[in-house]
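Please examine the structure shown here. A short exchange of questions and answers accompanies it.

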Amino acid sequence: MNKEYLHQVDMAGFLLDDILLYLDTHPCDPEALQYYQEAKEKYEQAVKAYTEQVGPLFMPLVPCGGTFSWVDDPWPWEGGCV
């Protein structure tokens with residue numbers, strides 16, 4: 001289950017990186033700019049879904065509560081990503 005969420009984040013991130021590379025050389029392409037907005041939204045949704053189901057993926061997404069909850073789960077070498 002966790003792998004599915006992470007796979008969605010990876011795919012959406014690749015899509016976002018790919019369109020950003022295109023926009024480096026075609027910054028005024030209106031279709032590419034629209035596609036970028038859609039790709040960015042997909043990435044944000046994937047990260048949000050991962051965070052809600054698994055936990056924070058990035059440090060800024062860690063809630064300010066004085067603890068870091070990800071240390072309570074099994075680490076990848078302990079089978080935490082399976």
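Predicted model: local features only at pLDDT ≥ 70, side-chain atom pairs only at ≥ 80, totals over all residues.

Reader: What distance separates the end C-alpha atoms of helix α1, and what span should its 24 residues have?
Author: Helix α1 covers residues 2-25. At 1.5 Å a residue, its 24 residues should span 34 Å. This agrees with the separation of its end C-alpha atoms, which is 36 Å.

Reader: Against which element do the buried residues of α1 pack?
Author: Buried residues of α1 include Tyr5, Val9, Leu16 and Leu23. Ala12, Gly13 and Ile19 of α1 are buried as well. The element against which the buried residues of α1 pack is α2 (30-53).

Reader: What share of the 82 residues in the protein chain is buried?
Author: A residue counts as buried when its relative accessible area is under 20%. Of the 82 residues in the protein chain, the buried ones make up 18%.

Reader: Which side chains meet in a salt bridge, and are they buried or exposed?
Author: A search of the whole structure finds 1 salt bridge, with an N to O distance of 3.9 Å between the side chains of Glu52 and Lys48. Because these residues are 4 apart in helix α2, about one helical turn separates Glu52 and Lys48. The relative accessible area is 55% for Glu52 and 53% for Lys48. The cut-off for exposed is over 50%, so Glu52 is exposed and Lys48 is exposed.

Note on methods
Residues numbered from 1 in each chain as written. Heavy atoms only, no water. Helix = DSSP H or I, 4+ residues; strand = E, 2+ residues; numbered from the N terminus. Expected span 1.5 Å × (residues − 1). Buried < 20%, exposed > 50% of the residue type's maximum accessible area, 1.4 Å probe, protein only. Contact = heavy atoms within 4.5 Å. Salt bridge = Lys/Arg side-chain N within 4 Å of Asp/Glu carboxyl O.
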